Amino acid sequence: ALPICTPGDSTDPGTEAVMICGPNTDAGGPVSGTYSLAHDAQSLQGALADVIGTATTVICPGNIQSPGPWRRVADPATPRGTLFCGIGGDGRPLIAWTLDAARFLAVVESPRLDGAGLNDLYAWWASHS
């Protein structure tokens, strides 16, 4: 089932729209997600930098660079955006990623406060990317 989403407010003038979503019921899915649309590429990178600045950077499961480029499984030659794995200020594992062509930024948080939470969340992300 899809999570319930509501429009959110952004204090960032570079953001056009924000949706805040509740728990995803997929196995390992996020407890919350914030999805935003930036005005332009520079605003998108600024919004991602803000997320990175509020979290502790960790290497993504599978020894994947964080932050680093990510690619769709169906098109491994073409980077689609930037992937970031971290631990938020509340201790929750989080994953953020951009879809550069769409000026899209997503930030999802694990419901778990342990190392397995990041592994589960990454597996959820990988299955949908």
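The side chain of Ser-66 reaches the backbone nitrogen of Cys-85 at 2.8 Å, a polar contact in the sense of a pair of N or O atoms within 3.5 Å, where within protein one atom must be able to donate a hydrogen and the other to accept it, and where residues adjacent in sequence count only if both atoms are side-chain atoms. The model is a predicted one, in which local features need pLDDT of at least 70 and side-chain atom pairs count only at pLDDT 80 or more, whereas totals for chains, interfaces and linings use all residues. Residues are numbered from 1 along each chain as its sequence is written, and side-chain values use heavy atoms, with hydrogens and water left out.

Ser-66 sits in the loop between β4 (56-58) and β5 (68-72), and at 15% relative accessibility it counts as buried (buried means under 20% relative accessible area, exposed over 50%, and partly exposed in between, with a 1.4 Å probe and protein chains only). Apart from its neighbours within four places in sequence, Ser-66 is in contact (heavy atoms within 4.5 Å) with Thr-57, Val-58, Ile-59, Cys-60, Leu-83, Phe-84 and Cys-85.

The loop between β4 and β5 also holds Pro-67, which is joined to Ser-66 by a cis peptide bond with omega of about -10°. Asn-63 lies in the loop between β4 and β5 as well; its phi is near 60°, a positive value in a residue other than glycine, and at 63% relative accessibility Asn-63 counts as exposed. Most residues other than glycine have a negative phi, and most peptide bonds are trans. Another positive phi, near 55°, belongs to Arg-103, which is found in the loop between β7 (93-99) and β8 (104-109) and is partly exposed at 28% relative accessibility.

Seen as a whole, the chain has two helices and eight strands (DSSP runs numbered from the N terminus, helices being H or I of at least four residues and strands E of at least two), and along the sequence they follow the pattern β-β-β-α-β-β-β-β-β-α. The radius of gyration of the chain is 14 Å, close to the 14 Å that the globule rule gives for 129 residues, so the chain is as compact as a globular protein of that length; the radius is taken over C-alpha atoms, and the rule is 2.2 Å times the number of residues to the power 0.38. Buried residues make up 37% of the 129 residues, and residues 24 or more positions apart account for 45% of the contacts with a separation of 6 or more.
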